[in-house]
Structure formats: C-alpha cells, structure tokens
Amino acid sequence: MFFERPGGGERAILVHLDGQDPAAREDPQEFQELARSAGAETVGFVNVSRHQPSAKFLIGSGKVEELHDLVKEGEAELVIFNHTLTPSQERNLERALECRVLDRTGLILDIFAQRARTHEGKLQVELAQLEHMSTRLVRGWTHLERQKGGIGLRGPGETQLETDRRLLRVRIRQIKQRLEKVRGQREQARRGRRRADIPSVSLVGYTNAGKSTLFNALTESEVYAANQLFATLDPTLRRLELEDVGPVILADTVGFIRHLPHKLVESFRATLEESSNADLLLHVIDAHEPERDQQIEQVLAVLGEIGANELPMLEVYNKLDLLEGIEPQIQRDADGKPQRVWVSARDGLGLDLLRQAVAELLGDDLFVGTLCLPQRLGRLRAQFFELGAVQRETHNEEGGSLLEVRLPRVELNRLISREGLRVDEFIEQHTLQ
C-alpha cells in the first residue's frame, strides 16, 4: 500500500519453531492448513528446534543460511513463520533471505482479506491490517530516510515515514468511526429483537469445526461453507422455529484459532458482539480432531476476551460421521440439563436432538402449561390473550377458563403478582383458585 513489494508470493517455505513452552507452541499441521487456505504452494517445510529464540532472527544464523539455500533451490518467493515476528526480526530475515517474510499474524490477516465479503467485513480486515502495518512501516522506507532537499523538492519538514504514519492514523480513525456506526446499528437491531422477546443463539467454535454446515442444516440456508480455515468471516443471521419456544435468531460467526491475533479480536469486536449478547452459545466442536481439548481451551479464551464466557453454553460435538461406534445423543449434567449433543451436520444426524436440547435450555425461563382461571379473573384472562400467550382455550364445568399458555416466567410472575395472588402456589399447582 505504502511501499512496493515483490510480486508473486505463491511459492512458500514454511518455518515452524519447536520450543519447550507448551503454552506458546503452535500446531504444525494447522500451520500448513493456514498456508493452504491462503493459496500458498508449499515447496518446503523446516522444523526448527530452539528453546531460546534469537533476538535478531528468531532462529539461529546457521538455520538462516540453510533457509537461504532452500529459497534459492526452491525458487521460493515467500518464507512464512508459524510465530509472531518483531518488525526488526522480519526486516533482518528479509535482508538475509532476499525474499519476502511473513509471520503467523500476517498470514491470518491475508486469509481474512481474501474471505471478507461485506463492506463491514472489509473495513474490519483493513483496520487490523493497518494497525499491524503501522509497526512495520520502517522497513519499507530504508532507501528514503529523509525527503530530498533542493529546489522544488523541499518537503513539509517530516520524513516520508512520518508522512505515512500520519496517513495511517487518519485512515485508522476513519475506519473506527465507521465501525462504531455499524456497532450502533447492530445494537439497535438487537434491541428490536429483545423487545419482540425473540431469543438469540450464536454458533461459536474453532475454525473449520463445521459451524456454517450446521447453520445451513438447521436453517436450510446456503451460507458459504468449505473445508478450509476461516471460510466464514461475516456474521449471518437467520430465523429458526423451535417447538415449545417459537422463533429464535441463529447467528453464524467467525471461527477462532489458537493465539488469534489481538488486533483481529479488537477489529472484529462489532461482529463478535453477536456472540457476547446471545441468550445461548452453541459451541461447535470437531469431534474427530485429535487436539480438540486444546481447541476448546482456545475458544473459551477468546470468549473470555469478548466477555462471553459467563453465557449459557451447549457443546455440539460435530463430524460424528467420521467416528465409529458413537450414535447421535444428548448428554446431560447432574441436574438433567442438556450439556453436550453429538451430531453430524453434513449427514443431518442428531439435528432433531440438537433442536430439542436448545428448546429445553431456552425454555428454562419459559412457562408452558395449562392455567385454570375462574370467571372472576376475566381481566387476567384478557391480559394473557393480549400478550399472545394463549395457545388454546377450553372451559371446565364451573365455567372457568382452561388456558394452554406459553410465555416467559418473568411475565407470568408479573401478571399473577398484580392480582395479589401467590406465585409459588400457582407454579406448583398450575391452577388459580
């Protein structure tokens, strides 16, 4: 954008650092999948065992020479590191390897840039890219330390680098203002749904766990779904009808990944708020993934960052079709509440069980039953009808109304309390005397 770079970048050598710290360790297989998703043609994979990263190159100088030879031999145009590089490390490596160098954050940003479809998604990606680029501008201007002097060439007294940093700050501020407007629009839509008492359910999970496939299967939609990382960037909302609950809003959101760059979490905050404001989270898990426990931890960590870790959650173990000996089922906790559902979104197995589990969890605060109202409570009967809570009405021998109702317990308690009746007795007996 602000400085020229070599063209191409398709043929790549991948470098994975294997250190002692398990918390900082990346998955080499996931790294190769990321490179493939970005469109890179891998011509070499280098696994470096190093417990003490070098300040200059991250890896040792011997490995740098070995990499240089591999770049020449494989005619690679790009070297991608499965780790975060400092701006100086990136600059030193580019000078030593004589080709473009990209770190894990830059790779993920590139994938996001390819996947963004909506105007909002593109703004979010651009914001993350600009904030990432602002720390790395200096390497683009090593040949222009100062603007040239002379007649007709005297500048405003700032270096080219300072000019670009100023332009970046202006653009970043503009994008943040636009995204703030988007956030306001989303909040307005959410308030409208809350007024209409429509619960919202959000799909969250590790990237490529099958969220979009499950979303399509549940809502009969045609959202883009593919066996690649970060296939979905832009949130999609659809209406879903559930028995005993009625309409709910189902949201498909961006997938998470281990060590998701903080800049991305910040940039996508407007999108991720769909999850943090949901009534229920469906945590979609790849049941066939060997490292699924680590993936679950990473998802919970990102949910903690956006303030969604305290929300009610149902685990959905997907890709049951790849496992042997496990049937679609609902697993419950000690209180009998659904805790985990095993499904196959691709084959449509267990989707009815999933709908049942979601309805149970959302219906926790929903009263569904029959009320027996004597004739003297005609005003209360009318209020139930005004709320649209009455499913069916019959009458008993005494002329009282038997109302089959469905409404939030909060609303039920409010109506009963107004009449000076004892709510606890009513809930226990399901009748009003």
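Q: With angles running from 0 to 180 degrees between N-to-C directions, at about what angle to S4 does helix H3 run?
A: In this predicted model, helix H3 covers residues 87-97. The helix lies across two strands, S3 and S4. Relative to S4, the direction of H3 is at about 145°.

Q: Which strands stand at the edges of the open sheet of 4 strands?
A: The sheet has the strand order S2-S1-S3-S4, and its pairing is parallel. An edge strand here has a single partner strand, so one of its sides is left without a neighbour in the sheet. The two strands in that position are S2 (41-49) and S4 (100-102).

Q: By what angle are neighbouring strands of this sheet turned against each other on average?
A: The value is an average over neighbouring strands of the sheet, and the direction of the strands is ignored.

Q: Which residue of S4 is the bridge partner of Leu78?
A: Strand S3 comprises residues 78-81 and is joined to S4 by 3 bridges, with the two strands running parallel. Leu78 takes part in this pairing, and its bridge partner in S4 is Arg100.

Q: Are the rings of Phe31 and Phe45 stacked, edge-to-face or tilted?
A: The structure contains 2 aromatic pairs by the rule applied. In the pair of Phe31 and Phe45, the ring centres are 6.3 Å apart and the planes stand at 55°. Planes under 30 degrees apart would count as stacked and planes over 60 as edge-to-face; at 55°, the pair is therefore tilted.

Q: How many residues apart in sequence are the parts tied together by the pair of Tyr317 and Trp342?
A: Tyr317 and Trp342 form a stacked aromatic pair, at 4.6 Å centre to centre and with 25° between the planes. Tyr317 belongs to strand S9 (residues 313-318) and Trp342 to strand S11 (residues 338-342), so the pair ties together parts of the chain whose separation in residues is 25.

Q: Are Tyr317 and Trp342 buried or exposed?
A: The relative accessible area of Tyr317 is 6%, and that of Trp342 is 8%. Since the limit for burial is under 20%, Tyr317 and Trp342 are both buried.

Q: Which residue of S11 does Tyr317 stand opposite?
A: S9 and S11 pair in the parallel sense, over 3 bridges. In this pairing, the residue that stands opposite Tyr317 is Trp342.

Q: Which residue takes a positive phi in the hairpin of S10 and S11?
A: Strand S10 (residues 329-332) is joined to S11 by 4 bridges, and the two run antiparallel. Arg332 stands opposite Pro338 in S11. The hairpin has 5 residues between its strands, and the one with a positive phi, near 85°, is Gly336.

Q: Which are the edge strands of the sheet of 7 strands?
A: This open sheet has mixed pairing and the order S6-S7-S5-S8-S9-S11-S10. Each edge strand pairs on one side only, and the two are S6 (236-242) and S10.

Q: Which residue of S8 is the bridge partner of Val204?
A: S5 (residues 200-205) and S8 (residues 280-286) pair in the parallel sense over 5 bridges. Within S8, the bridge partner of Val204 is His283.

Q: How are H7 and H11 oriented to each other?
A: The axes of H7 (residues 211-219) and H11 (residues 351-362) come within 11 Å and cross at roughly 85°. Angles of 65 to 115 degrees fall in one class, so the two helices are roughly perpendicular.

Methods: Residues are numbered from 1 along each chain as its sequence is written. This is a predicted model: local features need pLDDT of at least 70, side-chain atom pairs count only at pLDDT 80 or more; totals for chains, interfaces and linings use all residues. Side-chain values use heavy atoms; hydrogens and water are left out. Two strands pair if DSSP finds at least two bridges between them. Contact means heavy atoms within 4.5 Å. Rings of Phe, Tyr and Trp (its six-membered ring) pair if their centres lie within 6.5 Å; planes under 30 degrees apart count as stacked, over 60 as edge-to-face and the rest as tilted. Buried means under 20% relative accessible area, exposed over 50%, partly exposed in between (1.4 Å probe, protein chains only). Angles under 35 degrees count as roughly parallel, over 145 as roughly antiparallel, 65 to 115 as roughly perpendicular and the rest as oblique.
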